[in-house]
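The sequence and the model are shown first.

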Protein chains: 2
Amino acid sequence: MTTETRCWVHGATRADGDFPIENLPWGVAERPDRQGEPRIFVAIGDSALDMTESAGFGILAGLAPRIEAALRMPTLNGLMALDAADWTAARAHVTALLTSGAHSIEKHARRDAVLIARASLKMQVPAAIGDYTDFYASEFHATNVGSMFRPNQPLMPNWKYLPVGYHGRASSIVVDGTPVVRPHGQTSATDEGPPTFGPSKLLDHELEMGFFFGGAGNAMGNRISVAEAAKHLFGCVILNDWSARDVQKWEYQPLGPFTAKNFCSTVSPWVVTLDALRPYCIPGPSRKEGDPAMLDYLRWDNDFVVDVTLEVLLASAAMRAAGTAPTRVSIGSFKDVYWTMSQMLAHHTSTGCNMRPGDLLASGTISGPAKENRGCMLERTWRGTEPITLADGTERRFLQDGDELTIRGWCERPGLPRIGFGECRGVIMPAR
Amino acid sequence: MTTETRCWVHGATRADGDFPIENLPWGVAERPDRQGEPRIFVAIGDSALDMTESAGFGILAGLAPRIEAALRMPTLNGLMALDAADWTAARAHVTALLTSGAHSIEKHARRDAVLIARASLKMQVPAAIGDYTDFYASEFHATNVGSMFRPNQPLMPNWKYLPVGYHGRASSIVVDGTPVVRPHGQTSATDEGPPTFGPSKLLDHELEMGFFFGGAGNAMGNRISVAEAAKHLFGCVILNDWSARDVQKWEYQPLGPFTAKNFCSTVSPWVVTLDALRPYCIPGPSRKEGDPAMLDYLRWDNDFVVDVTLEVLLASAAMRAAGTAPTRVSIGSFKDVYWTMSQMLAHHTSTGCNMRPGDLLASGTISGPAKENRGCMLERTWRGTEPITLADGTERRFLQDGDELTIRGWCERPGLPRIGFGECRGVIMPAR
């Protein structure tokens, strides 16, 4: 089936576009004529379909009332609270609206009221995030960073038995484009102190994939099995877990990173659903000889990783002023993780911890085997010892004020269209 | 001034009561005739004053409309979002209603509709908690636990320079009386593994004090100074941070406790305000000779700790069935912390992390210098090597199924009435 000819929306069939009819990610935005009134949209080509407006014109008729009600909410939490069959039904309905056929809205009198220019939208964080949890799922990242912080023991003995994770800060999760103020913090030149307090000198990005919990939450005390967990994966976003490395190094023992991470995390605005990602899923993850067997509660024969190519771009203020294209800092894939999304979620609930629709989990920094696959400056410049040269000739060990860091992500596979995540950007502002 | 004679509510002047007119803590509850409709109440003696019902009968007239509106909400977040002057105004209004004088409702026709039996209420978690952060503020606790987990270095070099903390799980915070299901988890007999998965064998409580952030939240990127921080302390609750020690030991390196803590935290239902606690505040915390100077952003000449006596009681299922009084496991005071609430909050925002009204912060386990002051079983039984004997003759190293753990807290001072926090209870249910 060649779907390229079926969708009539402008820009939806561009070979390098993120949002063909096969994608249809969900997002929340204010449209220019409805300031202060966030609504759910679906991205398609250069446009986005307004769900609230569509519902008002009867364009969602035929969907179950619970689905239509969820699509009229100001966040995705209502939709996330439904189940996978409802998500698929909503997707099928939108597909029919945007392709030629009996349900197409191509000739609908209100077409221009419901389908508006994507560039005109003010995107929001797509869900009210009750809790945010960050994992540490990349063996390459954990080994690289571990070898710097703990040369004698890069990977802890627990690392290959459980997806190591920690609770993060939900209040400071922001959407693509939000400026990032350089944080203050305590840092120490030696491991023993004494510390000083001031702006972080080692500000870093972390290339991650985030995923939203969906479906009915588990009651406290009940676990979600690894096989059931897959049904609770609503969709994915790119996540940049900005990190102050000098603050982290001094504070993180023994209870883990705290202020080094709590000042900002940026997500891409469009949530790409598991329905859209399924063609790019690969059985896995792969295990090396010598890796221990997984415990039963983490083992599922149908488990999978997703091959999302992830690219990190960096542009100095001077480069942006001169219109110079950003320099690629790294490129990797979400498939290169040791722990899957299903395993992270199953482990999270293994104690009976209750999940709520809209909870955000993230992979931790995604690195790969090659130097160019390293997903943060700490690794990419090997703690600053191997600086990167930008297109303007300046060197970077860590991020400087005025730098714009952009992460892009997309899926490609022979015979299938490319689908993408849009961008996850932030400009570093001077410390206040 | 002897206030004992002024309040006319039954039980409000009992010498051993928690809720005299000087306390007036805020809580959220369902009353028996309004199931599924949580409302704000103030505890007084054996009763509680229904704010929504009071507003409906004009009893809150005279309060600023923003305050009255906040008091009609189903959580305390609206009240918490106002400022300290408004909290004081609301308190003064309620004081006038419940004491003899021009504004008293003693003879009000609707008195019995607004003032109902406290025992009839179904208490709720008092706020929608956006983020929960747990600290590690007791030097006695950190030293005791550190000496077990890291005998060579009980206190990390950073410990006396910054209030060590970590982000916790908000979804699993429950109110007094909620059963606690024994969690599963990975545990390992050795530090090197391999682990097994099953019910935790070393379930523990942690005696803590929690405090709610109030007032206007800081914009992301802006810090709250330690002096300003005190104005954002809405009030305190008892908190029990249930912990699976065997899970914690295996999982906590390098990113801190995660599933060992995420299954449940219990809070007492009544939020005792800083206005009520002020007479029990003490300048401090005290520092020993040799303790390093505090960095400027954590130093405030008027800083204070609160002398809240905290008591842990334990009753087996057999003891409860026989009507035997619970055994006291430990007793300590919130004054015995190294880091103050203001310091914890200032440090939390030192990176520009944005706080929101209703955010909950907690002290970490509060221990004191003596063995009986140790605030968790891990310390109290010294990792199980010094078991406690309960009143029924059985021994406890850690918590057993059927055990009921209760924490009580109160303030006393010569010439002042006792004010209390009520109870923070949980019964251990078998693993599922």
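## The largest pocket

In this predicted model, the lining of the largest pocket draws at least two residues from each of α6 (139–149) and α8 (245–251) of chain A and α6 (139–149) and α8 (245–251) of chain B. Helices (H or I, at least four residues) and strands (E, at least two) are DSSP runs numbered from the N terminus. A pocket is an open set of points on a 1 Å grid over the protein atoms alone, where a 1.4 Å probe fits, with protein on both sides within 12 Å along at least five of seven lines; lining residues have an atom within 4 Å of a point.

The largest pocket holds about 1300 Å³ of space. Its lining comprises 46 residues, and R150(A), M156(A), Y252(A), Q253(A) and Q253(B) lie nearest the centre. By class, the lining has 21 nonpolar, 11 polar and 14 charged residues.

## Relation of the two chains

## Aromatic pairs

Over all chains, the whole structure contains 16 aromatic pairs. Rings of Phe, Tyr and Trp (its six-membered ring) pair if their centres lie within 6.5 Å; planes under 30 degrees apart count as stacked, over 60 as edge-to-face and the rest as tilted. The pair W87(A) and F234(A) is edge-to-face, because the ring centres are 5.0 Å apart and the planes stand at 85 degrees. W87(A) belongs to helix α4 (residues 84–98) and F234(A) to strand β14 (residues 233–240), both of chain A, so the pair ties together parts 147 residues apart in sequence. W87(A) is buried at 8% relative accessibility, and F234(A) is buried at 1% (buried: under 20% relative accessible area, 1.4 Å probe, protein chains only).

The rings of W250(A) and Y161(B), with centres 6.0 Å apart and planes at 55 degrees, form a tilted pair. W250(A) lies in helix α8 of chain A and Y161(B) in the loop between α6 and β7 (165–167) of chain B, so this pair joins two chains. Both W250(A) and Y161(B) are buried. Ring pairs also link W159(A), Y338(A) and W339(A) into a cluster.

## Basis of the values

Residues are numbered from 1 along each chain as its sequence is written, and chains are lettered from A in the order in which they are written. Local features need pLDDT of at least 70, side-chain atom pairs count only at pLDDT 80 or more, totals for chains, interfaces and linings use all residues, and side-chain values use heavy atoms, with hydrogens and water left out.

Technical notes. Grid points are joined across faces, edges and corners, and a volume is the space filled by probe spheres set on the points. Ala, Val, Leu, Ile, Met, Phe, Trp, Tyr, Cys and Pro count as nonpolar, Asp, Glu, Lys and Arg as charged, and the others, Gly among them, as polar. Buried means under 20% relative accessible area, exposed over 50%, partly exposed in between (1.4 Å probe, protein chains only).
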